[in-house]
Structure formats: structure tokens, C-alpha cells
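Hi everyone, thanks for coming. Please take a look at the structure on the screen, and then I'll walk you through it.

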Amino acid sequence: MNILCIILAAVMAPLFIGIVNQTKAFFAGRRGPGMFRLYVDICKLLRKSCPRPRHSTWLFDIAQSASLAAVIAATAVFPWTGGGGLSSFIPAAVFFYLLAAGRFFTVIGALDAGSAFEGMGASREVQFSALVEPIIFTVLGFLVLLTGDISLSGALSGIAPESWKANVIALVLAFIAFLAVFLLENCRVPFDDPETHLELTMIHEAMLLDVGGPDLAFALYGAALKFELLAAFLVMMFMPCFGQGWKHAAVMFIAIALLSAVTGVVESVMARFRFLKTPHTLMGAALVAALAVLIHVCF
Amino acid sequence: MLTISEIAMALFLIADLALAGASRLKYAISLVAVQGWIVGTLPVFLWDWQSGGCPGARIWIIALVNSLVKGAALPMLLNYAVRKARTRRELEPIVSFQISRIVVFLMAVGGFAVGRLLHIHETTASELAVPVAFTTMGTGCLLICARKKAITQVLGFLVLENGISLFGAGILLEYGLVVELGILLDVFALVFILGIAIFQINRTFASTDTDRLNRLGDTHLMHPHHKHDHVHD
Amino acid sequence: MLSTETIFCTPVIAVGLAAAVHATAYIHGEARRHLPRFWFFFVSTVAAMVAVVFADGKLPFLLAWEAMGLASAGLVAFESKEKSVRKATWIYLLACHAGACALMLAGVLMDRPETAIAAFACATIGFGLKIGFPPFHSWLPEAHPAAPAPASAMMSGAMIPLGFCGFIRFFHLWSGIEPANAAMICGWTFLVLGAIGSVGGILFALPQANLKRLLAFSSVENMGVIAMGLGLAFLFAWQKTAEPIAKLCWGGALAHILNHAFLKGSLFLAAGSVLRQTGTLDQDRLGGLMRRMPFTGTLFTVNAFGLAGLPPLNGFIGELAIYIGAFCAIRTGEPMLVGAGFLAALSLSLTGGFALAAYAKAIGGTFLGEPRSQAAAQAVETPRRMWVAQLVLTCLSIAMIPGTVLFINRMTGGFATDILTVAAALGCAFATLAAALLLLRRFACPRGAEKPRLPVWDCGYDSPTPRMAYTATAFTQPLADLFRPLLRTRRHVLTFKGDPASPSDAAIVTETDDVAIGGLWRPFFHKIARVFQQAHLLQNGSLHLYILIILIAVLALLVFALVS
């Protein structure tokens with residue numbers, strides 16, 4: 001059943017991006033491209049050929065595949081059913097290190113193209129990913145402190161409903177902090193604007209300028225999967241433990257869908273922050289996460 | 001145990017952090033207003049509804065006055081002063097926003113440490129009240145000391161006052177509020193006077209930068225680097 | 001049980017052998033005349049390092065330690081015609097002797113209870129000078145770029161960690177203090193110095209344009225990671241109930257010594273190959289070497305990936321053990337351990353983020369994109385034995401993927417082995433998955449359709465030149481700017497001369513010096529110099545004064561003898 005849930009998660013990932021886009025279209029008064037647009041795009045791209053930059057090497061060729069593989073591996077260890085499987089073994093740090101490995105390949109691939117724009121995108125990517133690390137690990141430390149479990153599934157779902165109520169303030173603070181991570185890592189407003197796709201304001205997508213065909217399909221699918229994963233992390237971290245199995249998975253997917261809709265609303269009503277202010281916002285988020293730890297320790 | 005008051009305290013803490021990092025005057029003023037509303041309505045939430053029954057008229061009146069003055073009247077006055085004084089709508093920091101935020105966080109750490117040392121958990125209505133109150137007072141002091149504009153000093157006083165009333169409301173519900181009303185009156189007067197003063201100073205000197213106001217004293221010989229600043233009539 | 005000697009001796013032998021093979025080709029042309037000198041110092045350094053590992057007792061240890069410093073100084077000074085090399089040698093010798101001096105003091109002081117703390121401080125300075133604890137790391141970024149690459153590979157991979165070997169011995173002999181207190185002091189010192197060293201080291205590695213300087217700063221970082229692991233182990237050892245966790249951290253740190261030795265050794269050798277083939281180590285002038293030096297480039301990429309601590313390579317598993325230790329510390333809920341755990345976890349995470357940036361920069365700037373200078377464009381692959389030396393170390397690294405798990409398993413007797421095994425297996429699954437996706441990609445493309453090579457997207461600029469591509473310095477500029485108050489990067493903007501309507505020559509050069517040298521050591525030594533200038537009053541060349549001094553001394557001795 002665990003494996004079934006993982007497959008389900010992998011299949012559903014592009015749907016959530018569709019939900020975000022439909023929500024945005026609804027707010028803008030458009031019809032929108034439809035929930036399943038990304039599936040169509042991916043299928044279309046998979047049938048095309050891979051163009052390569054003139055001076056690229058084998059690193060460019062493997063970059064998107066390796067990057068997607070890392071995200072899929074992270075999906076495979078996530079406790080979609082609330083526990084069991086690999087997730088009860090590995091510490092949560094492994095999960096984020098897998099995502100980091102994927103990022104490394106994307107960055108290397110971008111640098112291999114040798115274009116100024118991709119260099120810029122890669123530079124921003126490593127900058128912000130380095131800055132969100134402390135937030136992620138403060139939140140992780142907080143979860144370990146809260147649940148007394150260092151494994152991924154234990155840290156995420158070990159909060160009983162009774163103790164949930166007592167810790168809700170600290171949890172809310174941790175949620176806010178990780179929300180910043182979620183929005184930044186998925187290049188969403190207010191940190192980045194996916195509407196300006198492939199433009200110079202972009203953090204992530206500027207790295208994909210010279211990627212096409214199946215590689216681009218991998219990259220898009222990887223981004224969708226990452227969106228789903230971090231949303232799932234956010235949801236599972238915040239919600240109290242409500243049993244395991246299908247029920248858990250179902251609640252998770254509904255919650256992720258809701259979060260996607262909320263993301264769409266946020267994108268519709270907010271403007272992007274000034275780019276240079278992003279590190280400051282991230283520092284604020286890190287301090288909020290530290291406040292969560294503080295409140296939990298002192299209570 | 002989770003109550004609304006504790007959520008309010010957490011909001012208060014975030015507002016403190018946000019205030020330390022706020023770079024726009026309008027934003028800072030609305031943050032102070034939010035704090036004012038929270039502090040004003042807090043007595044109602046802290047009231048022990050189960051054993052105390054419905055609170056008396058005094059609590060209601062105090063809550064109403066408090067929140068109206070702090071959440072509506074004073075912020076409106078400040079906004080008015082900003083508009084009239086036509087100052088640049090940005091806070092000019094002496095200590096950078098980043099460091100200010102870290103300082104506020106450290107104050108929170110210190111506040112929690114002090115809150116633990118004081119052992120007044122039993123008497124307080126909310127466990128978070130004391131540390132949050134300390135943090136807020138510290139934030140107020142920081143705003144007073146580490147920002148250039150005169151209007152920020154007013155803002156700082158308001159935040160300081162919010163901290164004090166939080167302390168009062170959190171610890172001694174009944175008597176605290178009376179004292180608290182007295183302080184509120186003081187601050188109200190202070191803000192009023194400062195608000196008018198800023199407006200007047202601005203009309204006279206075209207600037208409310210405290211760096212330049214320093215020149216009004218006879219100490220300007222000690223600040224040779226201010227020689228170039230012209231005080232316009 | 002693996003003995004400490006084995007653990008510390010393995011990198012010496014492995015990296016030493018690989019470096020020797022590499023050196024046979026690295027030293028070429030004119031420099032071959034000085035080959036005997038090189039081999040003399042090289043072999044004595046290896047011998048001295050082995051002697052340090054196996055020395056029995058204080059005096060032999062100190063002798064071996066001093067010999068190691070002197071012999072390796074000879075290696076650093078190999079290209080002594082250049083002024084910068086002479087300066088680096090001077091700094092290195094100074095660090096060696098200051099360290100040895102502090103160690104002698106520590107040896108004298110360590111037995112008595114009243115001087116136990118002073119002995120510990122001396123040992124921290126003495127070994128810290130070799131390990132590169134902040135602020136004693138200043139010699140590393142000077143000596144490593146100056147030394148020939150095989151020598152710096154050996155020094156960075158095998159010699160620096162010997163400081164930990166010495167520290168462990170010191171700790172065993174440190175009798176003047178209660179074991180619990182000793183562990184506490186050691187633990188916190190290592191943890192704090194390690195945290196500062198790891199984050200600070202990688203932060204300073206980021207903006208370095210010189211590849212070997214970047215690697216040297218990254219050594220400071222890795223030593224910091226090891227120190228944090230050992231520090232956590234000490235803190236847990238103090239708690240009797242947490243013995244397996246202590247052993248896990250201990251094993252993780254020691255495994256990281258091995259991993260770092262193989263990975264960093266190979267990276268330094270690759271840097272040497274780049275220098276030999278292009279004549280420069282400036283990453284802003286390199287680029288495009290992956291197509292010209294495929295073996296060197298590929299091996300560099302693999303090793304850099306491992307050293308960034310990413311799965312599935314060995315660096316990740318060693319660091320993971322330390323992570324588990326940190327989270328276990330948080331789990332205990334004891335305020336002190338929670339603090340220690342958060343400090344370690346946060347430093348490790350920041351280090352991880354910055355390391356990713358730094359190594360991506362090193363790979364991208366040196367090997368990827370298009371060549372930015374004539375020298376890089378004309379580079380060719382090195383002689384085979386140079387990259388074979390790297391390959392040997394890389395194979396050792398790959399063997400260390402299961403090796404680290406087995407090693408830690410042996411250390412802890414089974415605790416957390418399942419976690420590490422799963423993590424290692426997950427890494428392999430990730431690699432397999434990547435391979436599977438590559439296959440899918442191959443078959444997804446329609447058969448027969450040649451993968452076209454196109455010019456990169458140029459945003460409307462006609463014929464972009466390689467100079468327009470992002471340079472290595474530009475790559476890390478946003479992060480470096482963010483930490484400018486700390487890094488104190490100096491910028492020299494060379495504006496264009498002549499007609500401003502057609503701006504032709506404009507350049508910006510940034511330099512990031514070690515902040516400890518400018519902020520601490522230079523003023524410190526200037527002050528010392530000023531104090532000793534007073535001594536010139538005594539040595540002014542006049543015979544009368546000298547006789548007077550002798551007379552006074554004799555008289556003082558007489559008085560002293562009479563009084564006592």
C-alpha cells in the first residue's frame with residue numbers, strides 16, 4: 001500500500017500545479033489552461049528531441065535526469081501513509097540532502113551551458129538554497145524536540161492530538177517559517193514570480209533556458225513533484241497524527257490540494273517582494289523558526 | 001493550555017520582530033495599531049469566564065477605551081502627523097534592520113530567561129505574558145534609540161507602553177488596569193504633544209531628522225560633519 | 001576494533017602514494033632539476049607523519065611533530081624563486097613552530113591539576129595550529145596554494161587531521177582533571193571552534209578565485225565538521241547513558257577524516273593538473289576544461305560532489321552520522337545538549353548550503369562553459385599517470401560508501417547501522433534511478449533524430465563571447481555581498497581610459513583575504529615587533545654598554561646566590 005501511495009503521489013504531482021494555475025486564472029477572470037495542462041505538456045515534450053548547447057558536456061546531458069531522480073528518491077521516502085517503509089528509518093536530513101543533490105545537478109547543468117543567463121539563475125539558486133538551509137534545519141530540530149523522534153515519519157507525524165493543542169503556537173510559528181521555505185523553493189510569489197517564466201527575475205527557471213525536449217519534461221515534472229513534496233511536508237508537520245494508511249494519504253492529498261489553491265490565491269493578491277529584500281525576509285523566517293523553538297523550550 | 005490570549009501573545013512577538021525589521025513608516029504604524037488592538041482587548045480574553053461569570057462593566061469599558069485609543073486614535077494621529085509633516089516615509093535606521101531583528105530575538109531569549117527566573121507563572125494569567133512584555137518593552141527602547149526620525153521615537157514610546165500594559169494585564173488583571181489607564185493617559189498626552197511638536201518642528205525646519213535636531217542645542221561644534229546641513233527657515 | 005593509528009595512518013599512505021605518482025608528472029620542465037630536493041622533503045614528510053602516528057610517549061611525539069613541520073616546510077618552499085612562495089613558507093614555519101612551542105608547554109603542564117586548564121589551552125593552540133581551528137587557520141590558505149599540488153594534497157588530506165590524532169593522545173594522557181569535566185571542556189571547545197571553523201571556512205572559500213585557495217579554505221571547513229563530530233562525542237561520553245550515540249559521532253568524525261583525505265587529496269591533485277596544463281589557477285580565466293581534460297574534469301566533479309556532502313557519495317554518510325548525533329542531542333531535551341545539538345545541526349546545514357555553492361563554483365568556473373582565456377582554450381589532457389592517481393583516490397572514496405557504514409558499524413557495535421545502511425542504499429537507488437531516467441530519455445527521443453547542438457540563448461545579443469558568460473566570481477557574488485561585513489572583500493574597479501563614448505577597458509578585481517590575518521595576526525605581530533624594537537636599546541653596538549650589562553648580570557647573580 002505504501003508503494004501504491006508513492007505511485008499515486010508521483011502521478012498526481014502535476015495536478016497540483018494545475019490547481020494553482022486554475023485558481024490564478026479564476027482570480028484573473030480567465031478560463032485557464034485546465035487542470036491537466038502539465039500532463040499534456042510533459043507528454044508532448046517527451047516526444048521531442050533534446051537540443052544541446054554548443055559547448056556542453058556530458059554533465060549537461062545527465063543534469064535533468066539526475067535532478068529528477070533525486071526528487072523521485074525523495075518522494076519514495078516520504079511517509080505518504082503516515083509511517084512505515086523507509087521513512088521510519090531515515091532521518092529527515094536525508095530527505096533534504098536528496099533534494100540538495102538534485103539541485104546540485106541542475107546548477108551544474110546550467111553552468112555547463114555557458115550562458116550568462118543560466119549562470120545568473122544558478123547563482124541565485126545556490127544563494128537562496130544556502131539561505132533556507134538554516135530555516136529548514138531549525139524547523140527540523142524543533143520537530144525532533146517536539147516529538148522526540150529523529151526519523152522522518154516520526155518527526156512529521158508523532159504529534160498526538162492532545163499535545164498538538166498545547167503546542168499549537170510553536171507549531172504555527174514553525175509553519176510560518178516553513179511556508180517561506182515552501183514558497184521560495186518552488187519559486188512562488190512573493191519571492192519569485194512564475195508568471196515571468198524564463199525571464200531574468202527568475203531564480204530557478206532561468207537555469208532551464210537551453211533545456212528542451214525530454215529534459216525539459218523532466219525538469220517540469222521535477223518542479224511539480226518538489227512542489228507536492230514540500231507542500232506535503234508542510235501539511236504533515238502541522239497537522240496532528242490521525243492514524244495511518246489510506247485515510248492519512250487521502251487527508252494529505254486533500255490538504256495539499258487546498259494548499260495549492262491557497263498558493264494560487266496568494267499569487268493572485270500579492271506582489272513579488274523586491275528581489276534584494278529576499279534574504280532579509282528569509283532571515284525573518286529563520287528568526288520565527290527560532291522563536292518556535294524558544295517558546296517550546298521555555299514552556 | 002491553549003487560549004486565545006496565547007495566540008495573541010505569539011502574534012505580539014511576531015509583530016515585535018516585524019517592527020524591528022519594518023522599513024516603511026506606514027507599515028510600522030499599522031503594526032503598532034495591531035499591537036494596540038491586541039493589548040486593548042486582552043483583558044476580556046484573560047478574564048476567567050468559567051468561574052468569574054460575565055466580567056463587570058469596568059473591564060468592558062477599560063478594554064474599549066484601551067483598544068480605541070491604542071488601536072485607532074493614536075495610529076490615526078501618527079498617520080496624520082506623517083502626512084502633514086511630509087517626511088520621507090521610510091524609517092532611517094542607525095542600527096540596521098537585520099541587526100535590530102536579531103537584537104529583538106535575543107531580547108526574546110532574555111525575556112524568556114527572566115520569565116523563568118521570576119517564577120510568577122502561578123500568578124500570571126498567561127505564561128507567555130511576562131517574556132512577551134519584556135520583549136515588547138525592549139523593542140520599544142530599540143525603536144527609540146536606533147532610528148533617526150522623531151516620529152519613530154513616538155512609535156517607540158507607544159510600543160514601550162504596549163509592553164508595559166501587557167505586563168500589567170498579564171500579571172495583575174484587576175488592579176493593573178487602573179494603573180494602566182493612568183499610564184495610557186500619560187502616553188496619550190505625550191504622543192499628542194510630540195505629534196504636534198513634530199508637525200511644528202517640521203514646518204519650521206523642514207526636517208525631523210534627529211541628527212539635524214541635535215544642532216538645535218549648542219553642541220553643534222562637536223559635530224563638525226554636520227556643517228554642511230543647512231537648516232532652512 | 002580499529003586502532004587510532006590505523007585510521008590516521010591510512011590517509012598518509014594512500015594519499016602519499018597517489019601524490020607521489022602524480023608528482024612524477026607534475027614536476028616538469030625546468031623544475032625537474034630540483035627533483036632530488038622535492039623527493040627528499042616528500043619522503044621525509046611521509047616518514048615523519050608515520051612517526052607522528054606511531055610515536056610512543058611525549059618526547060618522540062614532539063620530535064616527530066617538529067620533523068613533520070620542518071620537512072613539509074621544505075615542500076612548501078619548493079618553488080622558492082617566487083616571492084609569494086617565500087612569504088607563505090615563512091608563515092607556515094611560524095605556525096609550525098608556534099604550535100610546537102605550545103605543545104611543549106602543554107606537555108609540561110598537563111600532569112598537574114592546577115595547570116590542567118592551561119595545558120588544555122596550550123594543546124588547543126598547538127594542535128589547532130595544525131588542524132586549522134579559527135583563528136589559527138591563517139597559514140592554510142597561504143601555504144596550500146604555494147606548495148606544489150601533490151604536497152598540498154598530502155598536507156591537506158593527511159597531515160592536518162594528524163592534529164586530531166595528537167589531541168586524542170593528549171586527552172588520554174591528560175591526567176590532572178576529572179574525566180567528566182575534561183570531556184565537557186573538550187566537547188564544548190571542539191563544538192564551538194568546529195562550528196565557527198566550518199561555517200567560516202566555507203564562507204571564505206566561496207569568493208576565492210584561486211582554486212587551491214578555495215580548496216584550502218574548504219579544508220578549514222571539513223576540519224570544523226570533524227571537530228563538531230568529536231565535540232558531540234565528548235559531550236555524549238560525559239553522559240553515561242548515551243554511549244552508543246557518542247560512539248556514532250566519534251565514528252562519523254573519524255570516517256570523515258578518511259573521506260576528506262581521499263576526496264580532498266584527489267581535488268588538490270586535479271588542481272595541480274589544471275595548473276600544469278594551463279599555467280593558472282584563476283577560475284575566472286579558466287572554463288571549458290571538461291571538454292579538453294575529460295578525465296581530470298570528471299574526477300574533479302565526482303570528488304567535489306562527494307565533498308559537498310551530497311548523497312550517494314561517502315562524504316554524505318559521514319556527515320549523516322554527525323547529523324544523527326546532533327538530532328539525538330536535541331531529542332534528549334536537556335538544555336545544554338539541546339543547545340549543542342542545534343549549534344551542530346545549524347552549522348552543518350549552513351556549511352552544506354555554502355559547500356554546494358562553493359563546489360558548484362569550482363566545477364563550473366574551472367571546467368564548464370567556454371574557455372575564458374587562451375591558456376584554457378589550448379589545454380590538453382594530462383599524462384595518464386596524473387589522472388590515474390586521482391582515479392585511485394576516487395575509487396577509494398567510492399569504496400568508502402559502504403566502507404563508512406561498516407566502519408561506523410564497527411565503532412558503535414550496531415547502533416544506527418540500519419539508518420546509515422538505508423541512507424547509503426537510498427543514495428545508490430538515486431544513482432540507479434538517474435541511470436534509468438537517462439535510458440528513458442534516450443528512448444523517448446525519436447530514433448534517428450540527431451540531437452542538435454545549438455547556440456545558447458543570447459537574449460538578442462549577436463554573437464556572445466565567452467567573456468559574457470558568468471564568471472566564477474560573479475557566480476558567488478550575491479552570497480559574498482550578503483556577508484560582506486564579515487568577508488571584507490576588497491574591490492578594485494579599473495575604469496575605462498580614453499574616450500568615454502566607447503568604453504573599452506573596464507575591469508573589476510575582487511580580493512577576499514583571510515580576515516584573521518588582517519584583523520588579528522598582523523596587528524598582533526606588529527605589536528610584538530614594536531615591543532622587541534625596544535631591545536635595540538641594549539644592542540646598540542657600543543662595547544661599554546655590553547660590558548656594563550655583563551657586570552650587572554654577574555652582580556645580580558651574586559646577589560641572587562647570596563639571598564637564596
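Predicted model: local features only at pLDDT ≥ 70, side-chain atom pairs only at ≥ 80, totals over all residues.

Residues are numbered from 1 along each chain as its sequence is written, while chains are lettered from A and ligands numbered from 1 in the order in which they are written.

Let's begin with chain C. It has 22 helices and three strands; helices (H or I, at least four residues) and strands (E, at least two) are DSSP runs, numbered from the N terminus. Of its 564 residues, 54% count as buried, and buried here means that 20 or more other C-beta atoms, placed from the backbone, lie within 10 Å of the residue's own. Along the principal axes, the C-alpha atoms of chain C fill a box of roughly 105 × 70 × 45 Å.

Now look at strand β2 (residues 490-494) of chain C. Is this strand enclosed or in the open? None of its five residues is buried, so β2(C) lies largely in the open. Five bridges join β2(C) to strand β3 (residues 507-511) of chain C, and the two run antiparallel; strands pair if DSSP finds at least two bridges between them.

How do chains C and A meet? We find 66 residues of chain C in contact with 67 residues of chain A, where contact means C-beta atoms, placed from the backbone, within 7 Å. On the chain C side, α15(C) gives the most, with 15 residues. That side divides into 51 nonpolar, eight polar and seven charged residues. For the sorting, Ala, Val, Leu, Ile, Met, Phe, Trp, Tyr, Cys and Pro count as nonpolar, Asp, Glu, Lys and Arg as charged, and the others, Gly among them, as polar.

There is strand pairing between these chains too: two bridges join strand β1 (residues 52-53) of chain A to β1(C), running parallel. Arg52(A) has Arg453(C) as its bridge partner in β1(C).

Finally, find helix α6 (residues 129-146) of chain B. Of its 18 residues, 14 are buried, so α6(B) is largely enclosed by the rest of the structure.

Definitions and conventions:
Contact = placed C-beta atoms within 7 Å. Buried ≥ 20, exposed ≤ 12 C-beta atoms within 10 Å, placed from the backbone.
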